[in-house]
Amino acid sequence: MTLAVKSRPLTAADIGASPQVQPPLPFAENALEPVISARTIGFHYGKHHKGYVDTLAKLVAGTPLAGATLEDIIFATAGDSDATPIFNNAAQCWNHNFYWHSLSPKAQAPEAALAAAIDRDFGSLAAMQAELAKVTVAQFGTGWGWLVAEGETLRVISTGDADVPFTNGQRPLLTIDVWEHAYYLDYQNRRPDHVDALVKGHLNWDFAARNFAAAKP
Ligand code: MN
């Protein structure tokens with residue numbers, strides 16, 4: 001594997017180049033209640049997310065990747081079958097860093113430039129929300145739902161397991177975690193209800209707008 005140097009940031013500055021540390025949660029553990037309980041956030045952040053951070057540290061110790069950013073590790077190991085565990089743990093660290101910022105305790109709406117792009121590419125905010133919920137719920141097994149920018153165009157996609165959009169050139173604006181650990185304590189098998197509640201009232205559109213601005217070609 002080789003370390004490539006990126007020419008530009010992938011996302012807004014508060015995600016940045018993502019060093020190999022677990023950032024603090026951007027809200028209190030109970031801030032998303034009742035849609036996501038403090039118990040779920042506590043396990044998710046404190047056990048699952050922390051587990052990826054700790055495992056990655058062990059996997060890269062003593063290798064050229066030890067001091068690298070998450071994004072450089074992901075680009076260096078994507079598609080390399082000898083480095084799958086490193087890729088998976090680095091990508092899950094990045095995805096979770098991005099996920100916490102994608103959530104908002106309070107309902108928000110997209111600001112003007114992003115709202116105009118949503119109307120252009122989906123017809124309306126409601127149509128985009130419906131598409132995001134549908135594609136996210138339909139992700140088979142573990143994975144992530146995303147709003148991404150592909151060139152100038154907004155798209156809704158999902159990725160399986162730890163996969164990230166940016167190794168395919170798509171720039172992430174928002175994500176929803178649909179690994180069962182993200183909702184099972186609160187919703188059991190009712191993934192659609194969990195996703196619907198997030199899409200309707202708890203996505204961080206200010207964060208999405210900053211990522212959209214950073215993603216401009
Ligand atoms: Mn997760």
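How many bridges join strand β1 to β2, and in which direction do the two strands run? The legends below describe close-up views of a predicted model.

**View 1. Strands β1 and β2.** Strand β1 (residues 143-150) and β2 run antiparallel and are joined by eight bridges. Within this pair, A149 stands opposite L154 of β2.

**View 2. The open sheet of three strands.** The strand order is β2-β1-β3, and the pairing is antiparallel. β2 (153-160) and β3 (171-177) are the edge strands, each pairing on one side only. On average, and with direction ignored, neighbouring strands of this sheet are turned by 20 degrees against each other. Helix α5 packs on the sheet and touches β1, β2 and β3. The direction of α5 makes about 20 degrees with that of β2.

**View 3. Helices α5 and α7.** Helix α5 (residues 125-138) packs with helix α7 (residues 191-201) at an angle of about 150 degrees, and the axes lie 10 Å apart. The crossing of α5 past α7 is right-handed. From α5, the residues Q129, L132, A133, T136 and V137 meet R191, P192, V195, V199 and K200 of α7. Six residues of this contact are nonpolar, two are polar and two are charged.

View 4. H44 in helix α1 (residues 38-60) and H96 in helix α3 (residues 84-102) are 52 residues apart, and the pair links distant parts of the chain. H44 is buried, because its relative accessible area of 1% is under 20%. H96 also counts as buried, at 0% relative accessibility.

Note on methods. Residues numbered from 1 in each chain as written. Predicted model: local features only at pLDDT ≥ 70, side-chain atom pairs only at ≥ 80, totals over all residues. Heavy atoms only, no water. Axes fitted to C-alpha atoms, helices over the stretch in contact; angles between N-to-C directions. Helix = DSSP H or I, 4+ residues; strand = E, 2+ residues; numbered from the N terminus. Left-handed = near helix turned anticlockwise from the far one by under 90°. Contact = heavy atoms within 4.5 Å. Nonpolar A, V, L, I, M, F, W, Y, C, P; charged D, E, K, R; others polar. Buried < 20%, exposed > 50% of the residue type's maximum accessible area, 1.4 Å probe, protein only. Pairing = 2+ DSSP bridges.
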